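Hi,

Here is the structure I promised to pass on. Have a look at it first, and then read my notes below.

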Amino acid sequence: MMLLCTGGTVIEELEKVSGEKSLLEKELSDLKKKYKDRETELQTLKLYLFLCLFPVQTTLGDRESEISCLKDTIHSGEMERRQLHNTIQELKGNIRVFCRVRPLVDGGLSEHIQLPVGNKRIRLVRREKSHTGGPDTQKNFTFNFDRVFGPQASQHEVFEEISPLVQSALDGYNVCVFAYGQTGSGKTFTMEGSGEDGELSGIIPKAQENIFNKAEKLGEQGWEFTFTASFMEVYNETLRDLLFTGKKRPNHLIKRQADKVTITNLKYVKVSNKDQVLGLIKTANQNRATAETSRNERSSRSHFVFQMEIQGVNVGRGIQHNSTLCLVDLAGSERMEDLAGVDERIPEMTAINKSLSQLATVINALAKKEKHIPYRDSILTDLLQGCLCGNGKTLMIVNIAPEPDSLVATLNSLRFASRVNSCVIRPTTDNK
Ligand code: ADP
Ligand code: MG
């Protein structure tokens, strides 16, 4: 009874377990089926997604190669533009001389200066009293320049002629622009102007605006630029750092390595926008040595040199170039006789005359492609050697004061200009 009972329980138990097993098996098989269905669904979705995305991917690929082709075209266009730009600049002359006549204080122009049409000539008329009692004679001196700016010429007009040179500097060529002339003839007005912005600003601030704008545009084509500014003054054949603000001024040495000139102990400041440079100009101007002459209360007796080293790198194309843009406001070119009774200024004057004369000699030798260029004979030319040599572009702006009592100084300035580049300027004396 007991066994039966026990046996019955076991059988019942077995039946129960077997029922549960087949339920579980069914459930498993259902799950397997569902899993299979899901997997098929997933594969279908994957296929669907692939089919949907395939055209997008193909289009993206096409676009990418199209963009890369366009980039190549833009780059080769840019390189071609550089080459053409340089050819044009070389045709205009790697050494150019402009002349700018300042207006009279009350506007207009003196009788003794004539500006024939065509913007390339200036004529000085000198009346001479007859020693024999006959009628007065008139002597005319005509000079040809690459460009002559009359008293009405705006700062903008002048800069329009300089801007291609700023482009050359950004393209990797050295560029030097000088303002030459007697004190009061408009050198500082031409180089710096009055006011940092706007119509009256000069070449230096306008060049900064121009250069940073152009660099930004080239940035879109993969170019990255590094700009380093320095400001110096050459006073009495010594070099002074115009950004130095400490107490004990260090000495400076001019060091040359291949074409690169470095000045020891000079403050080189990395700049990345126009306002930074304008701030440095302010510091430099506060530092600049000025002294009195009989002509101008705060006449500048030193050469003011602003240098901007430019490094252009295009990583994607593996191209790099270095150049320097150098803008110089030269010391007044007046002669000894203008400094009546200021004896202590004579050594200063001798140094200025010597370095200006040396500058003319160097530029002239460069124009004639002479083998030996005497850079080292003055601090100014030694310092600018890296920038003047090679394939660089040099522009001299001869500033003229129109007052009749400046006629002798004006004639001297124009004669100096003819020394700078006798190939370009042909002074003629006529007696019409
Ligand atoms: P420099 O630097 O040769 O000694 P400045 O540039 O200081 O001479 O010019 C002397 C004066 O004449 C300044 O007051 C200047 O503003 C003014 N000046 C010079 N050139 C011009 C010009 N083209 N138009 C108007 N004013 C000028
Ligand atoms: Mg000046």
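Predicted model: local features only at pLDDT ≥ 70, side-chain atom pairs only at ≥ 80, totals over all residues.

Buried here means under 20% relative accessible area, exposed over 50%, and partly exposed in between (1.4 Å probe, protein chains only). Helices (H or I, at least four residues) and strands (E, at least two) are DSSP runs, numbered from the N terminus.

In a regular strand, side chains alternate between the two faces of the sheet. Both faces of β1 are covered: I95, V97, C99 and V101 are buried on one side, and R96, F98 and R100 are buried on the other.

As for pairing (at least two DSSP bridges between two strands), β1 runs parallel to β16 (residues 393–400), joined by seven bridges. V97 has M396 as its bridge partner in β16. β1 also runs parallel to β5 (residues 147–149), with three bridges, and there R100 stands opposite F149.

**Ligand 1**

R100 turns up again around ligand 1, along with R102, P103, Q182, T183, G184, S185, G186, K187, T188 and F189; the criterion is a heavy atom within 4 Å.

- G184, through a backbone N or O atom, at 2.7 Å
- K187, through a polar side-chain atom, at 2.8 Å
- F189, through a polar backbone atom, at 2.7 Å

**The largest pocket**

The largest pocket has a volume of about 410 Å³. Its lining has 21 residues, with K260, E309, N322, S323 and T324 nearest the centre. Two or more lining residues come from each of β7 (223–235), β10, β14 (303–314), β15 (319–329) and α7. A pocket is an open set of points on a 1 Å grid over the protein atoms alone, where a 1.4 Å probe fits, with protein on both sides within 12 Å along at least five of seven lines; lining residues have an atom within 4 Å of a point. The volume is the space filled by probe spheres set on the points.

K369 is not a glycine, yet its phi is positive, near 55°. K369 sits in the loop between α6 (346–367) and α7 (379–388) and is exposed, at 72% relative accessible area.

**Conventions**

Residues are numbered from 1 along each chain as written, with chains lettered from A and ligands numbered from 1 in written order. Local features need pLDDT of at least 70 and side-chain atom pairs 80 or more, while totals for chains, interfaces and linings use all residues; side-chain values use heavy atoms, without hydrogens or water.

Cheers

Technical notes. Polar contact = N/O pair within 3.5 Å; in protein donor to acceptor, adjacent residues only side chain to side chain.
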